Number of protein chains: 4
Amino acid sequence: MRPSSSRSELFGAVEARGGAAEATGDRAWLQALLDFEAGLARVHARARLITETESDAIAAACDADRFDIAEIGAAAAEIGNPAGPIVKALRELGPAHKGATSQDAMDTAAMLVAKRALVPLLEDLHGAAGAAALLAHQHRDTVMAGRTLLQQAVPTTFGLKAAGWLMGVLDARAALGALVDRLPAQLGGAAGTLASYGDQGPALLPLFAEELNLRAPDVPWHTIRTPIAEVAGGLALSAGIAGKIAGDVILLAQTEVGEVREGDNGESSTMPQKRNPARAIVAVACERHARANCAVLFESLAAEHERAAGSWHAEWHALTTALAATGGAVAAAADSIDELYVDTERMRRNVDDDILAEARALGHEVSAPEDYLGAVSVFIDRALARYNE
Amino acid sequence: MRPSSSRSELFGAVEARGGAAEATGDRAWLQALLDFEAGLARVHARARLITETESDAIAAACDADRFDIAEIGAAAAEIGNPAGPIVKALRELGPAHKGATSQDAMDTAAMLVAKRALVPLLEDLHGAAGAAALLAHQHRDTVMAGRTLLQQAVPTTFGLKAAGWLMGVLDARAALGALVDRLPAQLGGAAGTLASYGDQGPALLPLFAEELNLRAPDVPWHTIRTPIAEVAGGLALSAGIAGKIAGDVILLAQTEVGEVREGDNGESSTMPQKRNPARAIVAVACERHARANCAVLFESLAAEHERAAGSWHAEWHALTTALAATGGAVAAAADSIDELYVDTERMRRNVDDDILAEARALGHEVSAPEDYLGAVSVFIDRALARYNE
Amino acid sequence: MRPSSSRSELFGAVEARGGAAEATGDRAWLQALLDFEAGLARVHARARLITETESDAIAAACDADRFDIAEIGAAAAEIGNPAGPIVKALRELGPAHKGATSQDAMDTAAMLVAKRALVPLLEDLHGAAGAAALLAHQHRDTVMAGRTLLQQAVPTTFGLKAAGWLMGVLDARAALGALVDRLPAQLGGAAGTLASYGDQGPALLPLFAEELNLRAPDVPWHTIRTPIAEVAGGLALSAGIAGKIAGDVILLAQTEVGEVREGDNGESSTMPQKRNPARAIVAVACERHARANCAVLFESLAAEHERAAGSWHAEWHALTTALAATGGAVAAAADSIDELYVDTERMRRNVDDDILAEARALGHEVSAPEDYLGAVSVFIDRALARYNE
Amino acid sequence: MRPSSSRSELFGAVEARGGAAEATGDRAWLQALLDFEAGLARVHARARLITETESDAIAAACDADRFDIAEIGAAAAEIGNPAGPIVKALRELGPAHKGATSQDAMDTAAMLVAKRALVPLLEDLHGAAGAAALLAHQHRDTVMAGRTLLQQAVPTTFGLKAAGWLMGVLDARAALGALVDRLPAQLGGAAGTLASYGDQGPALLPLFAEELNLRAPDVPWHTIRTPIAEVAGGLALSAGIAGKIAGDVILLAQTEVGEVREGDNGESSTMPQKRNPARAIVAVACERHARANCAVLFESLAAEHERAAGSWHAEWHALTTALAATGGAVAAAADSIDELYVDTERMRRNVDDDILAEARALGHEVSAPEDYLGAVSVFIDRALARYNE
């Protein structure tokens with residue numbers, strides 16, 4: 001099999017840094033489809049529907065390196081999904097895919113792809129949390145202007161801003177983390193009745209899920225797409241938080257603000273004074289792709305009868321892109337704040353003389369921004385405590 | 001105060017049946033904003049920041065009937081949100097809104113509106129679950145065609161189809177139900193530092209949340225919009241499930257299929273043969289509004305600095321519409337299947353002679369669709385058991 | 001008829017300034033539906049399908065003030081759209097609505113509402129163009145930093161920035177202006193065949209369109225929704241341009257930039273140093289609502305058979321909101337730059353010392369930003385010339 | 001250069017049939033970026049900014065086969081876009097890219113990619129129009145049920161349904177066709193002032209546009225994204241029309257309706273009775289991707305200052321996907337109806353006995369559906385006449 005990329009090589013590196021990109025490529029999908037078939041064969045052997053020998057032969061063949069992605073893709077065009085050509089190839093070796101339908105393979109593969117892509121995504125969120133926590137800790141007392149509607153309002157510290165980022169990242173990590181063990185296998189047969197297994201179907205389902213380390217659903221979910229929608233919700237949250245962080249970095253990095261600067265990159269060749277927040281910009285771009293594709297996934301909830309005529313097919317690319325783009329957004333945001341240069345003097349200098357107007361109007365005796373920080377330290381502590389849990 | 005509607009009266013009844021519509025109107029928002037001020041005054045009295053007498057005077061004034069919505073709306077246009085004019089009016093009566101910012105009021109009100117709108121929404125979901133459960137129970141053995149890609153595939157029963165709807169509704173109810181106790185109060189002051197309270201802020205926050213029966217956040221969330229995004233995720237799921245049910249009803253009600261018919265409505269005056277699935281159609285329309293407005297809410301995650309310049313303002317209408325439209329979708333779907341006439345004979349008659357082709361190809365001995373139902377009953381039992389939990 | 005608002009009074013003034021808001025309210029829709037019936041009656045009289053007396057009686061009754069919107073809305077809930085109850089009321093007076101279907105009324109009313117809402121919307125665009133042109137003219141030579149990726153890059157003038165806004169507004173005006181005379185009437189009868197008119201149908205269609213000053217379509221467009229999609233495209237462009245202008249104002253108004261300030265509004269009571277760009281913020285919020293609702297309109301293109309089961313119903317609210325929100329975005333953006341205070345000294349002072357780095361790297365002999373403005377004046381002239389066409 | 005795909009090979013064939021897919025791949029983008037540099041070099045030579053020899057050397061090197069896409073993509077990740085590494089490579093050969101900025105290259109390339117992708121897309125629309133026209137002609141008198149809200153309403157003919165499809169496709173073709181000559185080149189330099197050309201800039205712009213056969217814009221449009229939005233509008237319309245056609249095919253192909261069937265494909269291996277409308281299903285899936293990505297493009301209108309920090313970067317992938325997915329939707333819809341098997345007997349037999357209820361209620365003397373077809377033939381003629389224009 002020649003190497004294959006699942007998306008643009010020209011733009012890919014710009015858009016989709018982070019481990020989730022690789023985990024959602026063509027090869028990852030192909031292997032997940034093969035893992036479905038191997039797992040099914042093993043369960044069939046356990047249930048004595050096929051022999052151990054047959055199961056072993058099928059499982060041994062379920063290696064992505066043995067297949068040509070382009071060939072399978074071309075054959076897929078004939079029947080509408082790539083599960084079919086894979087089954088056809090495996091059936092030359094043994095009784096593969098018995099009792100299953102192509103949607104069983106595609107849905108299970110989608111969950112495997114999602115679960116595997118969540119590993120690097122959660123790592124990237126962990127990285128982002130670590131970077132935010134470090135900033136929150138280091139800059140607990142770094143006074144800066146609190147800005148509402150992009151106007152200076154009252155003082156805050158950079159530590160609290162970073163603690164806010166941290167809270168958001170922890171929220172996202174909690175949401176996606178809670179999904180990892182909830183993602184279900186799919187096995188329903190042609191119309192979700194498992195009819196071809198006779199009475200054995202209900203017992204097979206949990207065994208099969210166990211083989212693939214996925215949750216066993218009570219009922220097939222061919223057209224009850226809750227698992228897809230829950231992934232979409234977690235991704236949209238994660239991408240949005242990455243967008244929040246990146247947006248703040250871009251604003252703080254403005255020439256006229258100059259309070260932060262990304263690590264050594266983003267220099268312009270002809271304009272060396274420019275220090276583009278290149279990673280934050282990538283995060284913003286990725287957030288938009290992630291959000292748009294999550295919307296496609298939510299749209300697919302309205303699925304017709306026992307298999308949707310189009311919305312299901314739209315999910316594959318949308319899920320892949322949503323995972324990769326969320327991963328790209330989170331990884332780029334994490335990179336952006338991981339090596340962030342913080343100009344604490346500029347932060348302090350930028351604080352407007354009038355920033356204590358509220359404090360004085362309310363009768364507080366304050367002579368410097370440091371005198372009007374209220375609960376900043378307590379809030380930072382709470383965020384760090386949650387991080388350290 | 002003269003009566004006021006929060007949205008179209010001409011289309012409202014068509015689009016937004018269900019209790020969530022009322023719970024999200026102008027009056028509901030106004031009362032929620034006033035509840036914020038009353039709760040804040042009570043906490044201020046508990047903390048001896050104001051006197052009991054002052055608190056009582058403010059709280060007594062916090063009744064929506066004492067305000068003219070149109071007048072507040074007009075004043076709101078000057079400063080950008082309706083919290084300001086309310087504070088101005090209350091301050092004539094006492095030291096209202098001390099230490100708070102308009103976003104504290106708006107965000108807390110948004111959570112109160114959401115929490116109150118979730119009550120009828122959960123009831124509508126409960127109604128939909130009940131209707132689906134009844135159909136699943138009654139039609140456990142009502143054989144019909146299982147349809148994939150809108151083609152007859154293998155036999156199923158109408159009970160299993162309804163059990164699928166039930167699972168989806170239970171998923172939605174679980175998702176929204178889990179939110180009810182998670183919705184946080186907001187109190188951060190101008191830039192989320194609670195500075196004007198000095199050291200007292202962190203202690204005030206949980207007391208204040210308690211007053212309003214909302215969750216106390218660890219840190220103000222002015223620009224970490226996880227609570228908004230979580231509501232959006234739950235609403236998108238719920239609306240989508242309603243869309244799934246409604247879509248199935250519309251397809252089953254087609255003249256050429258004729259397997260179900262909504263209760264006595266939807267008749268055409270000149271074409272009495274037509275039995276439009278009017279409630280299901282409303283559900284489909286509402287699902288689109290719900291989904292579009294949830295997308296606006298996800299977009300607002302990327303909020304600038306300590307208060308977003310526009311995305312926050314976009315949330316108010318989007319949240320209101322998302323709640324109302326989801327409520328409309330769920331209520332209409334529940335209505336649609338609550339009085340559903342099921343033509344069991346037609347269902348059986350519609351089953352194509354070739355529907356046992358798979359069974360025969362696989363070597364099963366089957367002579368009627370009834371012989372090839374696999375795990376249908378088990379799956380129905382599981383769905384009903386979950387409903388009865 | 002008691003007064004009725006078509007949307008929130010609490011938020012309405014914040015969100016939807018501009019004439020398009022009023023033009024899309026319940027009353028506007030109701031009158032448009034009645035105009036359909038009156039126009040149809042007049043054409044029927046011309047074609048001798050009904051008498052002049054009958055036509056006059058119907059037309060005389062077609063006055064929105066004679067109807068109770070809430071009552072019609074309630075009746076609409078029974079049959080799925082508000083055209084039905086209106087017809088029922090008119091039929092007590094004469095042979096109204098002959099040969100037409102409710103979608104004929106709703107679609108024609110939608111086009112009338114759109115056409116009428118375009119009048120104030122185009123005026124608001126005209127206002128925005130005028131304000132931008134004035135700024136382009138006045139600030140032709142006002143040097144400021146050109147900013148790419150929010151970093152200072154090379155010098156420009158505020159005149160060129162305003163000229164860019166002007167070009168965008170002129171693009172939007174051209175796009176929406178081209179639609180005004182393209183919006184079609186709808187008359188197709190139950191399934192677009194005009195069957196009840198026998199052979200007379202095709203001849204009636206242009207006469208009818210003429211009565212309502214709409215374009216006569218070649219073929220009914222009940223489920224070929226090009227007119228809706230074209231409106232959506234024009235609105236999305238217009239709202240987006242308003243969002244571009246508003247975003248620039250918000251960035252320029254930042255405390256640390258301080259180059260512009262909106263007219264006398266947006267002051268914070270406790271923080272008098274704050275000068276919130278309140279109008280620009282409203283424009284940003286409206287742009288998001290406009291865009292989301294345009295997406296709903298594009299989605300409705302995929303309409304089933306001869307009348308869509310849900311997507312059509314979703315259009316009414318989406319079209320109304322898209323028109324009103326686009327109007328709100330444009331009007332707010334126009335207001336924002338109409339009274340814009342421009343701090344030309346600050347603009348010049350903000351220009352970074354390094355902004356000529358590119359020029360020097362390329363070997364240009366430049367000693368001040370003014371020496372490196374290239375084609376700025378020519379581009380401003382071109383934009384103003386297009387405005388003056 | 002090793003071959004490279006711009007998107008999934010596994011799903012690509014399923015999702016993106018049609019010529020637009022290839023025209024939007026990595027190689028197409030790379031060549032477009034190189035065409036920008038070659039065109040710029042030629043214009044520079046005409047303006048004597050560089051020598052003919054230099055221009056020839058640069059132009060000769062502007063061949064995508066000379067570059068390694070993955071290498072450029074990797075380098076792009078460092079600076080944020082792929083134009084930079086290309087310029088770097090070319091500058092080893094001569095004075096490439098003088099006076100231009102990377103956005104000039106990317107935007108011009110985007111327009112070249114769009115223009116080139118429109119060629120096969122317009123061909124696919126032409127094919128769809130031809131197929132629809134043929135059906136309209138052949139089935140002018142093929143009576144079938146007109147269906148509203150998926151209920152049989154009054155008779156129509158399959159010819160009129162196909163004529164409706166034809167009208168929609170002609171609308172889409174007109175919209176996209178009008179864009180071909182409107183797509184502008186981009187040349188503005190770092191901040192849209194063309195400063196490095198001194199006085200020569202304005203004269204260079206039309207010469208440059210001419211070289212690339214693009215429209216010369218009056219003013220650089222780095223952050224006035226009308227051209228992008230106009231493409232998005234045309235694509236959303238085209239994809240939506242494809243979705244309309246595909247949706248009708250899927251509904252007509254239902255087992256219980258059985259009025260049409262796609263050509264020899266879509267057969268299920270185990271359920272030979274199933275005839276999946278596989279092409280129509282692909283069209284539906286592609287429409288969703290197209291629409292979602294068009295929404296990203298509309299969102300990018302709100303671009304910051306002189307170059308957007310993220311939304312611009314989001315455009316590349318979104319434009320590519322919107323073009324490819326629209327192409328996929330149109331090609332699949334065209335394929336679907338090109339070899340459509342129409343069961344005219346079944347159409348006639350499916351007509352419900354009650355379908356003349358309206359006619360009789362209105363007093364028409366009708367004894368068969370054929371007697372109540374009104375203007376069907378006239379409308380078909382009009383659609384065909386427009387096609388033949």
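How many salt bridges does the rule find across the interface of chain C and chain D? The answer is four, and they form one part of an interface that can be followed step by step in this predicted model.

The extent of the contact comes first. On the side of chain C, 69 residues are in contact with 69 residues of chain D. The size of an interface is often given as the accessible area lost when the parts come together. Between chain C and chain D the buried area is about 5900 Å², and carbon and sulfur atoms give 70% of it. Within chain C, the residues that lose the most area to chain D are C:Lys244, C:His305 and C:Phe379, which together make up 12% of what that side buries.

Polar interactions accompany this contact. Between chain C and chain D, 27 residue pairs are in polar contact, with both residues at pLDDT 80 or more. Several elements of chain C each supply at least two residues of the side that touches chain D, among them strand S1 (143–148), strand S2 (151–157), helix H8 (158–180) and helix H11 (278–299). The largest share, 12 residues, comes from H10(C). Sorted by class, this side of chain C has 38 nonpolar, 18 polar and 13 charged residues. One salt bridge joins C:Arg291 to D:Glu299, with the closest N and O atoms 3.6 Å apart.

Attention may now turn to salt bridges within single chains. Over all chains, the count by this rule comes to 84. In chain A, the side chains of A:Arg182 and A:Glu230 meet at 3.0 Å, N to O. A:Arg182 counts as partly exposed because its relative accessibility is 38%, and A:Glu230 counts as partly exposed at 23%.

In chain C, a salt bridge connects C:Arg147 with C:Glu259, the closest N and O atoms being 2.6 Å apart. This pair links distant parts of the chain: C:Arg147 is in strand S1, and C:Glu259 is in the loop between H10 and strand S3 (260–261), 112 residues apart. Are these two residues buried or exposed? C:Arg147 has 2% relative accessibility and therefore counts as buried; C:Glu259, at 0%, counts as buried too.

In chain D, D:Glu230 and D:Arg182 form a salt bridge through their side chains, at 3.0 Å from N to O. D:Glu230 lies in helix H10 (residues 226–252) of chain D and D:Arg182 in the loop between helix H8 (158–180) and helix H9 (201–211), so the pair ties together parts 48 residues apart in sequence. D:Glu230 is partly exposed, with a relative accessible area of 24%, and D:Arg182 is partly exposed at 39%. Salt bridges that share partners also join A:Glu287, A:Arg288, A:Arg291, B:Glu299, C:Glu287, C:Arg288, C:Arg291 and D:Glu299 into one network.

Strand S1 (residues 143–148) of chain B pairs with S2(B) in the antiparallel sense over five bridges. B:Val143 has B:Thr157 of S2(B) as its bridge partner. Two residues stand between the strands of this hairpin, where B:Leu149 takes a positive phi near 55°. Strand S2 (residues 151–157) of chain B is mostly covered, with seven of its seven residues buried.

Note on methods:
Residues are numbered from 1 along each chain as its sequence is written. Chains are lettered from A and ligands numbered from 1 in the order in which they are written. Side-chain values use heavy atoms; hydrogens and water are left out. Contact means heavy atoms within 4.5 Å. Buried area is the accessible area (1.4 Å probe) that two parts lose on being put together, summed over both. A polar contact is a pair of N or O atoms within 3.5 Å; within protein, one must be able to donate a hydrogen and the other to accept it, and residues adjacent in sequence count only if both atoms are side-chain atoms. Helices (H or I, at least four residues) and strands (E, at least two) are DSSP runs, numbered from the N terminus. Ala, Val, Leu, Ile, Met, Phe, Trp, Tyr, Cys and Pro count as nonpolar, Asp, Glu, Lys and Arg as charged, and the others, Gly among them, as polar. Buried means under 20% relative accessible area, exposed over 50%, partly exposed in between (1.4 Å probe, protein chains only). Two strands pair if DSSP finds at least two bridges between them.
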